[in-house]
Amino acid sequence: MAAYTCPNCRQRLHFESRVCPSCAHPLGFAPVANRFLHLDVADGAWRDARGAAAMVQPCANTRYGVCNWVVDRGDPQSMCLACRHNRTIPDLGVPGVLERWTRIEDAKRRVLHGLMRLGLKLETKAQNIHGLAFDFLYDPSAEQGYAPRHFTGHENGLITLNLVEADDAQRERIRRQMGEPYRTLVGHFRHEIGHYVWSRLIEFGPDLIPFRALFGDERADYQAALQAHYTNPPRPGWEDHYVSAYATMHPWEDFAETFAHHSHIVDTLATIGEFGTRLDPMPAAAPGTPDSVIDFDPYSADTATLTAHWIPFAFAINEINRSMGQPDLYPFRLSPGVVLKLDFVNRLVAFYAGRWAPGEAEASDIRALAATLGQGVELGAG
């Protein structure tokens, strides 16, 4: 995320801000321009930091308090670029549902905005039958500890999310039951959108064969793989090739997990860069190694650059979290095999965003980086 400020008083703002905490002006975020606007209460105009009026209006979901994005007045859609992907919203008459839906929408906008920054085109179901849509479903049985009736997942562009995931206590309970080191709303969206990206960009495209060479043959029986995953622990040494234990289950899950981690890394490095954070070289670094500073655009950087900067920053942030008694922000290991898969995702995204064409770059640089990692770097050592 950018280091956003109020266009009226320059107060620092969070991406989810709806009212400036300093000047109390209503705020609206323009996703394409990547900036906040403020509502001039004197004349009702939305204005930028220079005072220029913008021909926009709040997203229709603003009336529920779940969205802070704006829509161009000439747009036939009353929903913003994020909310127009919603197919089903939960019953707002149920106590507590609105608060949870708000958390879900905040996470969804953050993830979709990152994909927009990467240059990926997101179509709705109205634009393309295979476009992206969301069903947000309330399941009271899951809150009571029973088996959920609605499961988070993806099918042909439709991502379903159970509202129980917006309850911190319930999500932590599920995380422990599943033995996961990390479970968040942002993580759910990035993982499921990874499935969507696979179906749109790989399944029927020229990258299917390279995908199988790196991730495995997705034609393997998914239900059998699912049952085996929850019956038997992952094989020893799985960390050498997979970013998470769940990624070992099936090539589809391996890609979705890798795609999610690519988004984790890119978005977090972009935020670090926006705040001008620097790190001294690691103690084991070669003499003359410069400080680690994000003086590049992570959304268009090559994988070697992303990885070289992510490793020291992730370690430092994990230590900061531990200083506050919090779990590691990034409790994962980057091995050479994982880095190669991240490179596949990074090149795939760059190609479909129009930033890279076959033949412009070779994989030797990233393979050399992977070799220097040896057995991988443990960023969340226990």
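Tutor: Start with the nonpolar patch on the surface, formed by Tyr64, Ile89 and Leu98. Together these three residues have about 220 Å² of accessible area. Keep in mind that this is a predicted model. Isoleucine 89 sits in the loop that runs between strand E7 (86–88) and helix H1 (97–118). Its relative accessibility is 34%, so isoleucine 89 counts as partly exposed: the value falls between the 20% limit for buried and the 50% limit for exposed.

Now go into helix H1. Arginine 109 and aspartate 106 both lie there, 3 residues apart, which is about one turn of the helix. Their side chains meet in a salt bridge, 2.6 Å from N to O. Both ends are covered. Arginine 109 counts as buried because its relative accessibility is 1%. Aspartate 106 also counts as buried, because its value of 15% is under the 20% cut-off.

Aspartate 106 has a second salt bridge to look at. Its partner here is arginine 18, with the closest N and O atoms 3.1 Å apart. Arginine 18 belongs to the segment before E1, while aspartate 106 is in helix H1, so this pair ties together parts that are 88 residues apart in sequence. Arginine 18 has 25% relative accessibility and therefore counts as partly exposed.

Salt bridges that share partners also build a network: Glu99, Arg103, Asp168 and Arg171 are joined in this way. A search of the whole structure finds 29 salt bridges.

Next, the sheet that begins with E1. Four strands form an open sheet in the order E1-E2-E3-E4, with antiparallel pairing. Strand E1 (27–30) and strand E4 (53–54) stand at the edges. Each has a single partner strand, so one side of each is left without a neighbour in the sheet. Strand E3 (residues 45–47) is joined to E4 by 2 bridges, and the two run antiparallel. Arginine 47 has alanine 53, in E4, as its bridge partner.

Aspartate 48 and arginine 50 meet through their side chains in a salt bridge, 3.2 Å from N to O. The two ends differ in cover. Aspartate 48 is buried, because its relative accessible area is 5%. Arginine 50 counts as exposed, because its relative accessibility is 72%.

Turn now to the rings. The whole structure holds 24 aromatic pairs. One of them is tyrosine 182 with phenylalanine 332, an edge-to-face pair: 6.0 Å centre to centre, with 70 degrees between the planes. This pair links distant parts of the chain, 150 residues apart. Tyrosine 182 is in the loop between helix H3 (168–178) and helix H4 (185–202). Phenylalanine 332 is in the loop between helix H8 (303–323) and strand E13 (333–334). Tyrosine 182 is partly exposed, because its relative accessible area is 24%. Phenylalanine 332 is buried, because its value is 7%.

One aromatic cluster is formed by Trp198, Phe211, Phe215, Tyr222, Trp252, Phe255, Phe259 and Phe344. Elsewhere, a ring meets a charge: the charged end of lysine 341 sits over the ring of tyrosine 242, 4.2 Å from its centre.

Key:
Residues numbered from 1 in each chain as written. Predicted model: local features only at pLDDT ≥ 70, side-chain atom pairs only at ≥ 80, totals over all residues. Heavy atoms only, no water. Pairing = 2+ DSSP bridges. Patch = residues over 30% accessible without salt bridge, like charges linked within 9 Å, V, L, I, M, F, W, Y side chains within 5 Å. Areas by Shrake-Rupley, 256 points an atom, 1.4 Å probe, with all protein chains shown as cover. Salt bridge = Lys/Arg side-chain N within 4 Å of Asp/Glu carboxyl O. Buried < 20%, exposed > 50% of the residue type's maximum accessible area, 1.4 Å probe, protein only. Phe/Tyr/Trp six-rings, centres within 6.5 Å; stacked < 30°, edge-to-face > 60°. Lys NZ or Arg CZ within 6 Å of the ring centre and 35° of its normal.
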